[in-house]
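Work through the exercises below with the sequence and the 3D view at hand. Try each task before reading its solution.

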Amino acid sequence: MVSAHEAIHRHLSMLEARQEPLANTKTPQPTTEEEQLQVCKDLVQWCLSALPLPQQLDMASKIEVRPSDNPNEGNAVYAVRDFKPGELVLSVPRALNISVTTAVQSQLVRLVARSYPPVLKTPVVLLALQLCAEAMLGEQSKYKHYIAILPSVFSIPLFYTPATLKNLT
C-alpha cells in the first residue's frame with residue numbers, strides 16, 4: 001500500500017514532469033506594455049469564449065481592454081458606452097471559476113487532504129493548492145490565461161513579519 005505522503009510526492013512529480021517539456025516553450029512573463037496588454041486581452045477573450053456565441057458577441061461589443069487611465073494601474077476593461085442600471089456588461093462563466101468546489105475535485109488537493117484532513121476546512125489553502133497545481137501544468141492548464149495575468153511578486157499581510165504588522169496598527 002502506498003502512503004499518502006508517497007502518493008502526494010508521486011503526483012507532484014507527475015506534475016513536474018509535465019512542466020519540464022514546457023520549460024523551453026513556455027511564454028515568458030510579459031515585459032513590454034504591449035505584451036502586458038495582450039495578456040489582458042487574452043484573459044478577456046478566454047472568459048468570453050466560454051459563453052454561448054450570441055452572448056460572446058454582445059459582451060465583446062460592450063467592452064474594450066486598454067491601458068488604465070491611471071498609469072500606475074496597468075491595463076483595464078472599460079465599457080464602451082453608458083449602461084442602464086441593471087444592464088449586464090460582462091459575465092465570467094461559472095465554469096471558469098476557481099472555487100472551493102473545483103479545488104476539492106483537484107487530484108492534488110485530494111491527495112493532500114488524505115494525509116492532512118483539516119486542509120478541507122481551510123478554503124484559502126484549498127484554493128492555493130489548486131492554483132499551484134494548475135500553474136505547474138503551464139500551457140496545459142484550463143486556467144492558463146488567468147494564471148498568466150497574476151503578478152509574479154506580491155505582498156500580502158499573511159507573509160508580513162510581526163514587526164511590520166505591528167506598524168500597521
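This is a predicted model: local features need pLDDT of at least 70, side-chain atom pairs count only at pLDDT 80 or more; totals for chains, interfaces and linings use all residues.

**Exercise 1.** Describe how helix 5 and helix 6 pack against each other, and say which residues make the contact.

Solution. 
1. Locate the two elements: helix 5 covers residues 107-115 and helix 6 covers residues 123-137.
2. Take the angle and the distance: the helices pack at about 130 degrees, and their axes are 8 Å apart.
3. Classify the angle. Angles from 65 to 115 degrees count as roughly perpendicular and those over 145 as roughly antiparallel; helix 5 and helix 6 are therefore oblique to each other.
4. List the contact: helix 5 contributes Leu 108, Val 109 and Val 112, while helix 6 contributes Leu 126, Leu 129, Gln 130 and Ala 133.
5. Sort these residues: six are nonpolar, one is polar and none is charged.

**Exercise 2.** Describe the second largest pocket: what is its volume, and which residues line it?

Solution. 
1. State the volume: the second largest pocket holds about 380 Å³ of space.
2. Turn to the lining: 17 residues line the pocket, and Val 124, Leu 127, Ala 128, Leu 131 and Tyr 146 lie nearest its centre.
3. Assign the lining to helices: helix 2 (33-49) and helix 6 each supply at least two residues. Helix 6 gives the most, with five residues.
4. Sort the lining by type: 16 residues are nonpolar, one is polar and none is charged.

Note on methods:
Residues are numbered from 1 along each chain as its sequence is written. Side-chain values use heavy atoms; hydrogens and water are left out. Axes are lines fitted to C-alpha atoms, for helices over the stretch in contact, and angles run from 0 to 180 degrees between N-to-C directions. Helices (H or I, at least four residues) and strands (E, at least two) are DSSP runs, numbered from the N terminus. Angles under 35 degrees count as roughly parallel, over 145 as roughly antiparallel, 65 to 115 as roughly perpendicular and the rest as oblique. Contact means heavy atoms within 4.5 Å. Ala, Val, Leu, Ile, Met, Phe, Trp, Tyr, Cys and Pro count as nonpolar, Asp, Glu, Lys and Arg as charged, and the others, Gly among them, as polar. On a 1 Å grid over the protein atoms alone, a cavity is a set of points where a 1.4 Å probe fits but cannot get out, and a pocket is an open set with protein on both sides within 12 Å along at least five of seven lines; lining residues have an atom within 4 Å of a point. Grid points are joined across faces, edges and corners, and a volume is the space filled by probe spheres set on the points.
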